[in-house]
Amino acid sequence: MTGPDHTPFPPELAARYRAAGYWRGQTLGALLDVLATAHAERTAVVDGADTTVRHSYADVDEHAHRLAAGLVELGLRPGERVVVALPNVPEFVPVIFAMFRAGVWPVFALPAHRHSELRHIAAQSEAAAILTVDTHQRHDHAALARAVAAEVASVRHVIVAGRAPDTVPLAELSAAAPRRLPDPDPEGVAFLQLSGGSTGLPKLIPRTHDEYIYSVRESVRICALRPESVYLAALPVAHNFPLSSPGVLGALHAGATTVLAPHPDAAAVFRLIESERVTISGVVPPLAAAWAQAAAATTHDLSSLRVLLVGGAKCGPELARRISDGLDVTLQQVFGMAEGLVNYTRLDDPEEIVATTQGRPISPDDEIRVVDPDDPSVSGAAEVPDGEVGALLTRGPYTIHGYYRAAEHNRTTFTPDGFYRTGDLVRRYPTGHLEVVGRVKEQINRGGEKVAPEEVENHLMAHPGVLDAAVVGVPDEFMGERTCAYVVPASGEAVPTGAELRRYVRDRGAASFNVPDLIEVVDAFPVTGVGKTSKRELRAALTAVATT
Ligand code: OOB
């Protein structure tokens, strides 16, 4: 499936966003120049794995300039894509800014991605290189990147932070002499984010310098980040939430310090909160629940932590209250998407709103339409009244108008007047706050990790003992949802066990979040009127089992 690399904003909207001062004609690379001058000696980044490793704004800026030159010398050209698969290591920051400066587009993979996902991302983006670490948490990322490079013809280089055979050491590129490079177009693509992957493998989301900086700048204001703030990145930093809501980029924008946590579990994180006097962090609901519980018994001093952002998946009122009480913080709910739109509860919102809604949009020019989800009309679906559930459509100064090279998909995912169909079911309240109540789309939200059922079904169907597979989400107290795979065995073959199938999916190179949590072997699937597998009935069957 192909299509344009980037669907630009319609000219009249772009003109409006410029006139309103949202887009200011600045690239992310140029932004770092400004920040490095304003905050030169302040600490920008601390490595949570070894807190003696600390980089000032001047260090990061200088490193990013050298690395940009190194990438150009390696032969990477503006507009070429490089898959960045880095865990929370301090190199992440200079790496992405070097790419922004060289006009090379990072494609943000997650450290949890394995062969299957990485190969898809590299192939889909026609990446010229993959940039990763040597090993991390006992996984050989360099070997994985080399294996993917061997299968994806466009990949010319594997660049590695650390040391690994047959790769280009990042340190070698960082040794280049800085040189003046032409500043890319601020309204051009800066990087590709991954979609939650609602209808299969992840889609690529082209984000531009100007609009992304706007969302970061406003996030900084809404979350009240200041130079004295210390942001703890506990989630994988390449994800849009810890990257920009307000995240690492927000912390940089504010002249604040980012502490990169190598692992998000409470024990490790609490130590960092105490030693670095962390003031703000952002996590998915299951992690927030775990932190709130662990806080009751901890001996660590968490008193510096003022604000905890919770988002990526639904945080209901009970959990919301447990978080603010358990951690003694101001909770900010965040409902965002890599495609653009981000909603926050505000720091001065009444407690009731913070507990029961997922916030309101960043921008006065975020246009929100909540429409009848059953209305099939292409663009004219009627809006439902406030307080009633409908499908969320949005358009605004930092929401994309098309996925990367996905013309066919774009025709159904965007309305003719440029609204993005988020696939989320929401209620809008008269204050403008949104409550997320579910999804129109099939995607499973496993504690913030987005699982595309089709993708997991595909893995299962590859097993000779499987005739058919259907993956559904089941409610789970801790994760929000878990994945359950229903499997119809192939006749004449030994019926595979759940453990065997889980191992099989993992061995096919799937990320651990794509390995089904539960597997049920059944004789046949319930079907809908037209003979499609009824996931609704499968889900209902599971819920019935869970409540008996
Ligand atoms: C964030 O981004 P993605 O692209 O991984 O996932 C977006 C989807 C949304 O469409 C929605 O279905 C779900 O994740 N979601 C939430 C939520 N926040 C995201 N569902 C319920 N409540 C929430 N608070 O997940 C993301 C991007 C930027 C900031 C925060 C999260």
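# Chat about a predicted structure

User: Starting with Cys484: is it buried or exposed?
Analyst: Cys484 is buried, and its relative accessible area is 0%. Keep in mind that this is a predicted model.

User: And Cys315, buried or exposed?
Analyst: Cys315 counts as buried, at 0% relative accessibility.

User: OK, helices now. How do you describe two packed helices?
Analyst: You give the angle between their axes and the distance between the axes.

User: At what angle do helix 5 and helix 6 cross?
Analyst: Roughly 45 degrees. Helix 5 covers residues 115–125 and helix 6 covers residues 141–151, and their axes come within 10 Å. Helix 5 and helix 6 are therefore oblique to each other.

User: Is that crossing left-handed or right-handed?
Analyst: The crossing of helix 5 and helix 6 is right-handed.

User: Which residues make the contact?
Analyst: Helix 5 supplies His115, Leu118, Arg119 and Ala122. Helix 6 supplies Leu144, Ala147, Val148 and Glu151. Of the residues in this contact of helix 5 with helix 6, five are nonpolar, one is polar and two are charged.

User: What about helix 2 and helix 3, at what angle do they pack?
Analyst: About 150 degrees, with the axes 8 Å apart. Helix 2 runs over residues 28–39, and helix 3 over residues 57–73. Helix 2 passes helix 3 in a left-handed crossing.

User: Which residues meet there?
Analyst: From helix 2, Leu32, Asp33, Leu35, Ala36 and His39. They meet Tyr57, Val60, Asp61, Ala64 and His65 in helix 3. The contact of helix 2 with helix 3 divides into six nonpolar, two polar and two charged residues.

User: Back to helix 5. Where does Ser116 lie?
Analyst: Ser116 lies in helix 5. Ser116 is buried, with 8% relative accessible area.

User: What is Ser116 in contact with, leaving aside neighbours within four places in sequence?
Analyst: Ser116 contacts His459, Arg508, Gly509 and Ala510. Then there is Arg506: C-alpha to C-alpha, Ser116 and Arg506 are 9.8 Å apart, while in sequence they are 390 residues apart.

User: Where is Gly326 found?
Analyst: In helix 13, residues 317–327. Gly326 counts as partly exposed, at 33% relative accessibility. Leaving aside neighbours within four places in sequence, Gly326 is in contact with Ala292 and Ala295.

User: Now loops. Where is Glu339?
Analyst: In the loop between strand 16 (330–337) and strand 17 (340–344).

User: Is Glu339 buried or exposed?
Analyst: Glu339 counts as buried, at 5% relative accessibility. The cut-off for buried is under 20% relative accessible area.

User: What is Glu339 in contact with, beyond its neighbours within four places in sequence?
Analyst: Ser195, Ile205, Arg207, Tyr398, Thr399, Ile400, Tyr403 and Tyr420.

User: Next, backbone. Which peptide bond is cis, with omega near -20 degrees?
Analyst: The one from Ser245 to Pro246. Pro246 sits in the loop between helix 9 (240–244) and helix 10 (247–254). Most peptide bonds are trans.

User: What phi does Gln137 have?
Analyst: A positive one of about 45 degrees, although Gln137 is not a glycine. Most residues other than glycine have a negative phi. Gln137 is in the loop between strand 6 (135–136) and strand 7 (139–140). Gln137 is partly exposed, with a relative accessible area of 49%.

User: And what about the phi of Asp166?
Analyst: Asp166 has a positive phi of about 55 degrees, and is not a glycine. The loop between strand 8 (157–161) and strand 9 (168–169) holds Asp166. Asp166 counts as exposed, at 69% relative accessibility.

Notes:
Residues are numbered from 1 along each chain as its sequence is written. This is a predicted model: local features need pLDDT of at least 70, side-chain atom pairs count only at pLDDT 80 or more; totals for chains, interfaces and linings use all residues. Side-chain values use heavy atoms; hydrogens and water are left out. Buried means under 20% relative accessible area, exposed over 50%, partly exposed in between (1.4 Å probe, protein chains only). Axes are lines fitted to C-alpha atoms, for helices over the stretch in contact, and angles run from 0 to 180 degrees between N-to-C directions. Helices (H or I, at least four residues) and strands (E, at least two) are DSSP runs, numbered from the N terminus. Angles under 35 degrees count as roughly parallel, over 145 as roughly antiparallel, 65 to 115 as roughly perpendicular and the rest as oblique. A crossing is left-handed if the near helix is turned anticlockwise from the far one by less than a right angle, and right-handed if clockwise. Contact means heavy atoms within 4.5 Å. Ala, Val, Leu, Ile, Met, Phe, Trp, Tyr, Cys and Pro count as nonpolar, Asp, Glu, Lys and Arg as charged, and the others, Gly among them, as polar.
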